[in-house]
Amino acid sequence: MRKSLSFGLASAFLWFLSSLAPSYAEQVLSQQAADQTASAGLIINVIYDRSVAKAPRGFTAAIAQVVDYFEAHFANPITITINVGYGMIAGGALPADALGASEAVVERVPYATLV
C-alpha cells in the first residue's frame with residue numbers, strides 16, 4: 001500500500017519562522033539538530049517542484065531540519081513521500097490570502113489484503 005501526501009507547506013512554515021526572532025530560530029534549529037538520535041524507522045522523502053526555485057534562501061534547509069526532527073523522533077518503519085512547492089498546490093497557485101494548503105491521496109485497501 002502506498003500513501004502519498006502532497007501539500008504547499010512553504011507559506012505556513014515561513015510565516016512561523018519569520019514570526020520568531022532570527023537568532024532564536026537559529027538557536028532552536030541548532031538545539032533540535034543536537035538532540036536528534038538516529039532512527040531506523042520513519043523515512044520521509046521530500047520531492048521539491050519547480051516553484052521551490054523561487055523560495056527564499058534557507059527554505060529547503062528549514063524543511064530538511066523538520067524532516068530530520070521527525071525521522072529522529074518516530075521509530076515506526078514507515079515511508080512517507082511529501083511533495084513540496086512554494087506558493088503552489090497541485091500545479092496551481094495558492095489564493096493570495098492563503099497561508100498554506102494541503103492535499104492527500106489515500107488508497108483503499110481491503111482489510112484482508114492489508115493483513
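Reader: Where is Val115 found in this protein?

Author: In this predicted model, Val115 is found in the segment after helix H4 (111-114).

Reader: Why is Val115 called exposed?

Author: A residue counts as exposed when its relative accessible area is over 50%. Val115 has a relative accessibility of 71%, and therefore Val115 counts as exposed.

Reader: What makes Val109, Tyr111, Leu114 and Val115 a nonpolar patch?

Author: Such a patch joins nonpolar side chains within 5 Å, taken from residues with over 30% relative accessible area and no salt bridge. Val109, Tyr111, Leu114 and Val115 form a patch of this kind on the surface, and together they have about 450 Å² of accessible area.

Reader: Which residues make up the largest nonpolar core?

Author: This core has nine residues in all: Leu42, Ile44, Val52, Ala55, Phe59, Ile63, Val67, Ile82 and Val84. Helix H3 (59-73) and strand E3 (79-84) are the elements that give two or more residues to this core, and H3 gives the most, with three.

Reader: Why is this set called a core?

Author: The name applies because the residues are buried, with under 20% relative accessible area, and are joined through side-chain atoms within 4.5 Å. In soluble globular proteins, nonpolar side chains tend to be buried together.

Reader: Which residues does Val67 touch, not counting those up to four places away in sequence?

Author: Val67 touches Ile44 and Val46.

Reader: How many helices and strands are there, and what pattern do they follow?

Author: The protein has four helices and six strands. Along the sequence, the pattern is β-α-α-β-α-β-β-β-β-α.

Terms used
Residues are numbered from 1 along each chain as its sequence is written. This is a predicted model: local features need pLDDT of at least 70, side-chain atom pairs count only at pLDDT 80 or more; totals for chains, interfaces and linings use all residues. Side-chain values use heavy atoms; hydrogens and water are left out. Patches are made of residues with over 30% relative accessible area and no salt bridge: like charges are joined within 9 Å, nonpolar side chains (Val, Leu, Ile, Met, Phe, Trp, Tyr) within 5 Å. Accessible areas come from the Shrake-Rupley method with a 1.4 Å probe; for residues, only the protein chains shown count as cover. A salt bridge is a side-chain nitrogen of Lys or Arg within 4 Å of a carboxyl oxygen of Asp or Glu. Buried means under 20% relative accessible area, exposed over 50%, partly exposed in between (1.4 Å probe, protein chains only). Contact means heavy atoms within 4.5 Å.
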